[in-house]
Amino acid sequence: MSKPDFSGAILGAGPVGCALALMLARHAADPSSILLVRGAPPAAAAQGATPGITPAAGATSAPGSTPASAPGSVTPTGLTPSPSSVIAPISSTTASAPLAAPAVPATPAGTATAAAPPETDARVLAMNHGSRVLLESLGAWPRNAAEIRTIHVSQRGRLGRTLIRNSDFDVPQLGAVAAYPALHAALMRQVEQAGITIRTLPDARMTSQDADGATLTAGDGTVLRCGVAVRSDGAGADDIRRDYGQHAVLATVRASLPRDGWAFERFTREGPLALLPHPAAPDTYAVVWCCAPEQAQGLAALDQVAFSTALTQAFGDRLGTLACCAPRHVFPLFLSARRSLVDGRAVAVGNAAQTLHPVAGQGLNLGLRDAARLAQSLAPWLARPASTPTEALAGFARARRDDRWLTAGLTDLMPRAFSTGVAALEHAGGLALLSLDLLQPLRAPLARHLLQGLRA
């Protein structure tokens, strides 16, 4: 086959794809040898969601709101993880789909609307301290991010709660929440300044690969060759899938008694209820309310006043009265993962590798760690791109295994463990929260993983 046009091609220009492009460009002799592929802009923009949620079949909006969908679901190539030791209860549905399979179309499977352009996407994204350090090193930390310095974890109707503070780990903050447009714009500014090649191609996908590289084909007939093809955004294969039987109601609210720098995760029998500080204003919070599908549809149908009352009753009075101030959206929740990240010269990272439950807001953080490790693994190969990247990619897959499965396992276990409806288990959960709060040595490992992940 012909010589590759690019050393590496990244299919999908969301936050993970942009961050990966920047890191690969730092190791490449010529930054223009790194290609970042954007999908063709949709005909109609759609408004969207919050951290850790990927729209899927049945995504709906509350009356008077705009249907939501995930941006960046444009051109990627594969989905993610699953060692049975970490997520043993999850059912395996199909054999591992090859990364060379057709890319996800411009709209995620089953989603009613096209992806929103980055500048109009209404989502906010939760990022932990490790992600902030990475983005700051790339010069891409967004302005006006809302800091999280304390996380309050509780269980509705039972005793026991845990406080996780930034002072426990001697860091300025545990994390932050940023608007998707602000983060994406900060990353794209750096990408453009770095000399990375940017192409807008509709429905781009890896169609074949051989010993010399991979072939990319776009919907407009464009054909390109690259040494390594990376899929970074969008939905992927369902090698492993769990339907949680929950939908997430997403909302933005104002609190009459806001607490600066505090985020809340409240477990209920129906599912987790999270309130995150919103970058729009000090008294504003992003809400992710997970519950049974029927309850979610009922909440979405309420008027603003009735919904605000229901939310205040479910959450409690820690922030005073909560008043909904923006349209609501409803999304089904599921775990979806690919067994293998690497197939020859094709790689999957980020949402193309795993879609997680939104509890603890770990989706983007895990994707950025995927990207950072891939760049580190490929650095020696980028210095000699005429060589084969096989060993580098195999090393990447090994290095990411434990972190990916531990994170997927934690986010899979937490929402189910607190929603059994079994009193004895609920009391045990409350005792566990109390023990974590009283005993820092017990709390530290979990909090540290949520703070920065498991790094190899």
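These notebook entries record what I looked up in the structure above.

**Entry 1: basis.** I worked from a predicted model, in which local features need pLDDT of at least 70, side-chain atom pairs count only at pLDDT 80 or more, and totals for chains, interfaces and linings use all residues. Residues are numbered from 1 along each chain as its sequence is written, and side-chain values use heavy atoms, with hydrogens and water left out.

**Entry 2: the chain as a whole.** I first looked up the secondary structure, which comes to nine helices and 21 strands. Helices (H or I, at least four residues) and strands (E, at least two) are DSSP runs, numbered from the N terminus. I then looked up burial: of the 456 residues of the chain, 57% count as buried. Buried means under 20% relative accessible area, exposed means over 50%, and partly exposed lies in between, with a 1.4 Å probe and protein chains only. For contacts (heavy atoms within 4.5 Å), I looked at pairs with a separation of 6 or more; residues 24 or more positions apart account for 79% of these.

**Entry 3: α1 against α6.** I looked up how helix α1 (residues 15-27) packs with helix α6 (residues 363-383), and found an angle of about 25° with the axes 9 Å apart. Axes are lines fitted to C-alpha atoms, for helices over the stretch in contact, and angles run from 0 to 180 degrees between N-to-C directions. The two helices, α1 and α6, are therefore roughly parallel to each other. Angles under 35 degrees count as roughly parallel, over 145 as roughly antiparallel, 65 to 115 as roughly perpendicular and the rest as oblique. The crossing of α1 with α6 is right-handed. A crossing is left-handed if the near helix is turned anticlockwise from the far one by less than a right angle, and right-handed if clockwise. On the α1 side, I noted P15, V16, A19, L20, M23, L24 and H27 in the contact. On the α6 side, the contact residues include L364, G367, L368, A371 and A372. By class, the residues of the contact of α1 with α6 are 15 nonpolar, two polar and no charged. Here Ala, Val, Leu, Ile, Met, Phe, Trp, Tyr, Cys and Pro count as nonpolar, Asp, Glu, Lys and Arg as charged, and the others, Gly among them, as polar.

**Entry 4: α2 against α6.** I next looked up the packing of α2 with α6, where the angle is about 50° and the axes are 9 Å apart. The helices α2 and α6 are therefore oblique to each other. Their crossing is left-handed. S131, L134 and L135 of α2 meet N365, L368 and A372 of α6. I counted the contact of α2 with α6 by class as four nonpolar, two polar and no charged residues. L368 and A372 of α6 also take part in the contact with α1.

**Entry 5: salt bridges.** Side chains of opposite charge can pair when their charged atoms come close. A search of the whole structure finds 11 salt bridges, each a side-chain nitrogen of Lys or Arg within 4 Å of a carboxyl oxygen of Asp or Glu. I looked up three of them.

- E136 and R132 are joined at 3.0 Å, N to O. Both lie in helix α2 (residues 129-137), four residues apart, about one turn of the helix. E136 is partly exposed at 41% relative accessible area, whereas R132 is buried at 14%.
- D203 and R205 are joined at 1.9 Å, N to O. D203 is partly exposed at 27% relative accessibility, and R205 is partly exposed at 21%.
- R401 and D402 have their closest N and O atoms 3.7 Å apart. R401 is partly exposed at 44% relative accessible area, and D402 is partly exposed at 46%.

**Entry 6: loop residues.** In the loop between α2 and β5 (146-148) I looked up N144. Phi of N144 is near 65°, a positive value in a residue other than glycine, and N144 counts as exposed at 64% relative accessibility. In the loop between β7 (161-165) and β8 (175-179) I looked up D168, and in the loop between β7 and β8 also D170. D170 has a positive phi of about 55° although it is not a glycine, and counts as exposed at 73% relative accessibility. D168 is partly exposed at 25%. The C-alpha atoms of D168 and T150, 18 residues apart along the chain, are separated by 9.9 Å.
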